[in-house]
Amino acid sequence: MASRKFGLGKMHPLAVICGLGCILLILLLQSSSIAQDALPALKAHPLPPSLAQWRDPANQGDYFDRVQKTQPDYLVWSQFPVKVYVQPIKESEVANPARAQAWIKAVSQAVQEWTVYLPLQVTDRVEDADIVMRRSFLPIRATPGKPSVPQRIRAAETRYELYDQAIGDGSTILAHRCTVVVQPNQAESYVLASARHELGHALGIWGHSSLQTDALYFSQVRNPPLISPRDVNTLKRIYQQPTRLGWTISKESGPR
């Protein structure tokens, strides 16, 4: 994949307040280095078949109004399958692999759950991946704009970056890739919940639900929900929106 990194987009971390037994989500904003005139025009892509065929007979609604736009507008994937890399057992974990194996099992299950709604494919080559799922500990971070609030220990976070990708016909499109970090020092059920939630962000749901029955609920609950019809309804609406991702970058323009 030919690429040139434009700059870091928004960071979407999952955070926990120590001692309260609940997980809260913080939204941190970072600036991006892409010049506005380098971006393609806004256009919508055709819906992937799995979303086009999705129906919610009960009309349970969505939380599309809570989804935030990013610099390229909506974070929509247009080339399928989306390739996902799940970090394997590291050399340092070989002697005691149980925690890493449990993490891999949970994260792989989350990938399979989302595959029902968008075409995903696990790859063992990190350089080919659109979404990289990593196992790591995250540093404590203060709440933005609230220095007096106790620092939070994050359980997971998702980041995206934009780059220009050369495709077969010699043109270049605006593309993105995501990195999801899920801490391994959680019960397997919470690793699964964190991975399910963060993959929802990586697939385009850049926001949170206000209902506990949705996987993208802003706080983790005792019995984490599966992907709900509202989650899928929201995802479908996002993929119906125009975006700059996946469209040709003008040869006369470029990153600054």
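Hi everyone. Before we start, one definition: helices and strands here are DSSP runs, numbered from the N terminus. And please keep in mind that this is a predicted model.

Let's begin with the loop between helix 1 and strand 3, where Asp73 lies. Asp73 is not a glycine, yet its phi is positive, about 75°. Asn59 is found in the loop between helix 1 and strand 3 too, and has a positive phi of about 50°. Why mention that? Most residues other than glycine have a negative phi, and most peptide bonds are trans. Are these two buried or exposed? Asn59 is exposed, because its relative accessible area is 66%, while Asp73 is buried, at 11%. Pro81 is also found in that loop, and a cis peptide bond, with omega about 0°, joins Phe80 to Pro81.

Now to the inside. The largest nonpolar core has 48 residues, and Trp114, Ile131, Met133 and Leu235 are those with the most contacts within it. Several elements give two or more residues to this core, including strand 3, strand 5 and helix 4. Which element gives the largest share? That is helix 2, with six residues. As for Trp114, its contacts include Leu120, Ile205, Leu216 and Leu235.

Last, a helix pair. Helix 2 and helix 3 pack with their axes 8 Å apart, at an angle of about 40°, so helix 2 is oblique to helix 3. The crossing is right-handed. Among the residues that meet there are Trp103, Val107 and Trp114 from helix 2, and Val191, Leu192 and Leu199 from helix 3. The residues of this contact divide into eleven nonpolar, two polar and four charged.

Note on methods:
Residues numbered from 1 in each chain as written. Predicted model: local features only at pLDDT ≥ 70, side-chain atom pairs only at ≥ 80, totals over all residues. Heavy atoms only, no water. Core = buried A, V, L, I, M, F, W, Y, C linked by side-chain atoms within 4.5 Å. Buried < 20%, exposed > 50% of the residue type's maximum accessible area, 1.4 Å probe, protein only. Helix = DSSP H or I, 4+ residues; strand = E, 2+ residues; numbered from the N terminus. Contact = heavy atoms within 4.5 Å. Axes fitted to C-alpha atoms, helices over the stretch in contact; angles between N-to-C directions. Parallel < 35°, antiparallel > 145°, perpendicular 65-115°, else oblique. Left-handed = near helix turned anticlockwise from the far one by under 90°. Nonpolar A, V, L, I, M, F, W, Y, C, P; charged D, E, K, R; others polar. Lists of a residue's contacts leave out its neighbours within four places in sequence.
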